[in-house]
Amino acid sequence: MWFKNVMTYRLTKELDWSAEQLQAQLAQCEFHPCGQGDMQKFGWVSPLKTSELLHFSVGKQILLMARKEEKILPAHVVKRELDQRIADLEQKENRKLKKVEKQALKDDVVAMLLPRAFSKYQQTAIWVDSENQLVYVDAASSKRAEDALALLRKSLGSLPVVPLAFVNDPSLVMSHWVSNDATPDWLIALEDAELRGSEDNAVIRCKQQALDAEEILSLLQSGKTITKLALEWEAHLTFVLNEDGTLKRLKFADEVREKNDDILKEDVAQRFDADFVLMTGILAKLTSNLLDDFGGEKVRL
């Protein structure tokens, strides 16, 4: 449940998030495992394993969980079987097969192999902050986030969202922080960053490298900018801030994750509820702080 990445979107129109209606809408796209002939399935599952509800809500905070099952069918396995069938049939009929015939054979091979294929599962969490009209997706790539949002859009009928954007360019702001030792008081810059040149597009990655070192400052003075920066919000979490405002490699502090340890492990629902409230509170405040430090939210026309 603890998010590892954050892609944030602004709802451009208020939606009805009533529990009864939402459950009915999500049920239309509920996840069902792949059948013998399915390559993949994508749908909603319950965020809380002890509940049958396809959403988890605390006040105006809603958690959804999208699950994808994909059959793993290596291309070389299909090709080997297909090549053998083509060779056998061409020898038997003493002619070269047409393209459409080869495609039909390939479809047969895939249908034959699918029931024996292993499955790969992927879950993507979506947190809807209906109080502040924001949607957070736990995804490391925009494609994965957009796939999950597309499923939600299909379930709801519409989902008017745009990526949350800052007034000031995060890359320029992060470069200013490091160049001028001006990181906000609530943040600590860690020894992990990525720099990129504006003209040559060269990428320099730094790990375990003091960012106030002369060589780093020299690169910034020469026109390179910071596109990724590892940061710590003390006693809360560490994360990597990207130039597009997305967050990756979130790691909540032990003292945060242990705050609800007094709740019995057997009380799964109560612990899940408490952890969700804790996590969303921290991430909501993080978003608010970043908006302040990046000049607010850019208004899209």
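The side chains of Arg 95 and Glu 93 meet in a salt bridge, with N and O 2.8 Å apart. A salt bridge here is a side-chain nitrogen of Lys or Arg within 4 Å of a carboxyl oxygen of Asp or Glu. By this rule the count comes to 18 salt bridges. Side chains of opposite charge can pair when their charged atoms come close.

This is a predicted model: local features need pLDDT of at least 70, side-chain atom pairs count only at pLDDT 80 or more, and totals for chains, interfaces and linings use all residues. Residues are numbered from 1 along each chain as its sequence is written, and side-chain values use heavy atoms, leaving out hydrogens and water.

**Arg 95 and Glu 93**
- Arg 95 is partly exposed at 32% relative accessibility (buried means under 20% relative accessible area, exposed over 50%, partly exposed in between; 1.4 Å probe, protein chains only).
- Glu 93 is partly exposed too, at 38%.

**Lys 68 and Asp 147**
- Lys 68 forms a salt bridge with Asp 147 (3.6 Å, N to O).
- The pair links distant parts of the chain, 79 residues apart: Lys 68 is in strand S4 (residues 61-72) and Asp 147 in helix H4 (residues 142-156).
- Helices (H or I, at least four residues) and strands (E, at least two) are DSSP runs, numbered from the N terminus.
- Lys 68 is buried at 9%, whereas Asp 147 is partly exposed at 24%.

**Asp 192 and Lys 207**
- The closest N and O atoms of this salt bridge between Asp 192 and Lys 207 are 3.5 Å apart.
- Asp 192 lies in strand S8 (residues 188-196) and Lys 207 in strand S9 (residues 203-207), so the pair ties together parts 15 residues apart in sequence.
- Asp 192 is buried at 16%, but Lys 207 is exposed at 57%.

**A network**
- Salt bridges with shared partners join Glu 194, Arg 196, Arg 205, Lys 228 and Glu 243 into one network.
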